[in-house]
Amino acid sequence: MIPGKKFKISLQKMLSRGNKIITQQSEINFAQADKMKNILVLIPIFGTILFVVLYVVATFLYPGGSQADKNAVGFSWTNNYWCNLLNENAINGQLNPAKPVALTAMLLLCFTLAYFWFLFPNKINLSNKLKLVIQISGTLSMAIALLLFTNINHDLITNLASSFGAIATIGTFTGLYKNKWFGLFAFGLLNILLAGLNNLCYYNKALIVYLPVIQKITFATFLIWVCSITINLYCRQRTATT
């Protein structure tokens with residue numbers, strides 16, 4: 001064989017091997033990028049789990065006192081509110097060591113929900129206007145909720161945060177309905193009913209004794225709803241990348 005021809009064949013083989021290596025490396029990089037995207041979608045679930053863990057830890061640190069008994073020892077799941085864990089002093093007057101843990105949990109939850117409301121509209125088929133409405137109202141709701149740690153009127157902050165949260169939630173309902181996720185849509189309606197029951201108990205002195213329990217049930221149901229939507233987003237994205 002002519003030397004020049006041998007060299008040409010060898011060069012072609014080397015280039016072919018090089019192209020294969022580059023292609024394989026590109027495929028690996030794409031696979032890793034897809035894996036990272038999938039993990040990022042699951043952040044609301046990770047954040048929720050960590051919040052629950054910190055919440056439980058905070059309840060063990062709470063000295064005592066509730067709306068039913070100011071001298072009670074420890075945290076009562078039936079008589080104490082979540083916000084009791086955030087106070088400087090417990091209802092029984094003692095310094096509250098649960099506050100730093102509860103504060104961390106609340107900050108984490110606010111960032112988790114803000115991230116969820118930023119993520120959700122980007123992962124489903126919605127108009128740009130509705131996407132912005134969900135993202136802006138959801139972020140504002142969580143940003144205002146952070147003011148609960150200040151001396152600003154508690155009810156004012158709660159009502160403002162709830163109002164913007166309601167707008168983001170309505171946008172979420174719209175997205176679920178348009179994408180035919182009817183099971184999650186129905187589950188969301190349960191959250192609305194529970195929120196209404198919370199308000200009924202809050203403004204009715206005869207029913208307020210039941211509010212701590214209903215509040216926790218509502219909170220848990222809402223977080224399960226958010227996590228369920230997140231799982232659907234994850235499955236949808238994973239299917240799209242395989």
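Select lysine 99 and glutamate 88. Their side chains meet in a salt bridge, with 2.7 Å from N to O. A salt bridge here is a side-chain nitrogen of Lys or Arg within 4 Å of a carboxyl oxygen of Asp or Glu. Side chains of opposite charge can pair when their charged atoms come close. A search of the whole structure finds 1 salt bridge. Lysine 99 sits in helix H3 (residues 99–123) and glutamate 88 in the loop between helix H2 (43–61) and H3, so the pair ties together parts 11 residues apart in sequence. Helices (H or I, at least four residues) and strands (E, at least two) are DSSP runs, numbered from the N terminus.

Now colour by accessibility. Buried means under 20% relative accessible area, exposed means over 50%, and partly exposed lies in between (1.4 Å probe, protein chains only). Lysine 99 is partly exposed, at 25%. Glutamate 88 is also partly exposed, at 45%.

A word on what you are viewing. This is a predicted model: local features need pLDDT of at least 70, side-chain atom pairs count only at pLDDT 80 or more, and totals for chains, interfaces and linings use all residues. Residues are numbered from 1 along each chain as its sequence is written, and side-chain values use heavy atoms, leaving out hydrogens and water.

Zoom out to the whole protein. How many helices and strands does the protein have? It has 7 helices and 0 strands. From the N terminus on, the elements run α-α-α-α-α-α-α. Of the 242 residues, 37% count as buried. Look at contacts too, meaning heavy atoms within 4.5 Å. Among contacts with a separation of 6 or more, 64% join residues 24 or more positions apart.

Stay in the loop between H2 and H3 and select valine 73. Valine 73 is exposed, with 78% relative accessibility. Leaving aside neighbours within four places in sequence, valine 73 is in contact with Pro63 and Gly64.

Go to helix H3 and pick threonine 112. Is threonine 112 buried or exposed? At 4% relative accessibility, threonine 112 counts as buried. Show Pro44, Gly47 and Thr48: threonine 112 touches these, not counting residues up to four places away in sequence.

Next, select helix H4 (residues 128–145) and helix H5 (residues 154–178). Two packed helices are described by the angle between their axes and the distance between the axes. H4 and H5 pack at about 155°, with axes 8 Å apart. That makes H4 roughly antiparallel to H5. Axes are lines fitted to C-alpha atoms, for helices over the stretch in contact, and angles run from 0 to 180 degrees between N-to-C directions. Under 35 degrees counts as roughly parallel, over 145 as roughly antiparallel, 65 to 115 as roughly perpendicular, and the rest as oblique.

Show the side chains at this contact. Those in H4 include Leu130, Val133 and Ile134, and those in H5 include Ile157, Leu160 and Phe164. The residues of this contact divide into 12 nonpolar, 7 polar and no charged. Ala, Val, Leu, Ile, Met, Phe, Trp, Tyr, Cys and Pro count as nonpolar, Asp, Glu, Lys and Arg as charged, and the others, Gly among them, as polar.

Move on to the loop between H5 and H6 and select lysine 180. Most residues other than glycine have a negative phi. Lysine 180 has a positive phi of about 60°, although it is not a glycine. Lysine 180 is exposed, with a relative accessible area of 63%.

Last stop: phenylalanine 185, in helix H6 (residues 182–202). Phenylalanine 185 is partly exposed, at 23% relative accessibility. Which residues is phenylalanine 185 in contact with, leaving aside its neighbours within four places in sequence? They are Phe173, Leu176 and Tyr177. Phenylalanine 173 is 12 residues from phenylalanine 185 in sequence and 6.1 Å from it in space, C-alpha to C-alpha.
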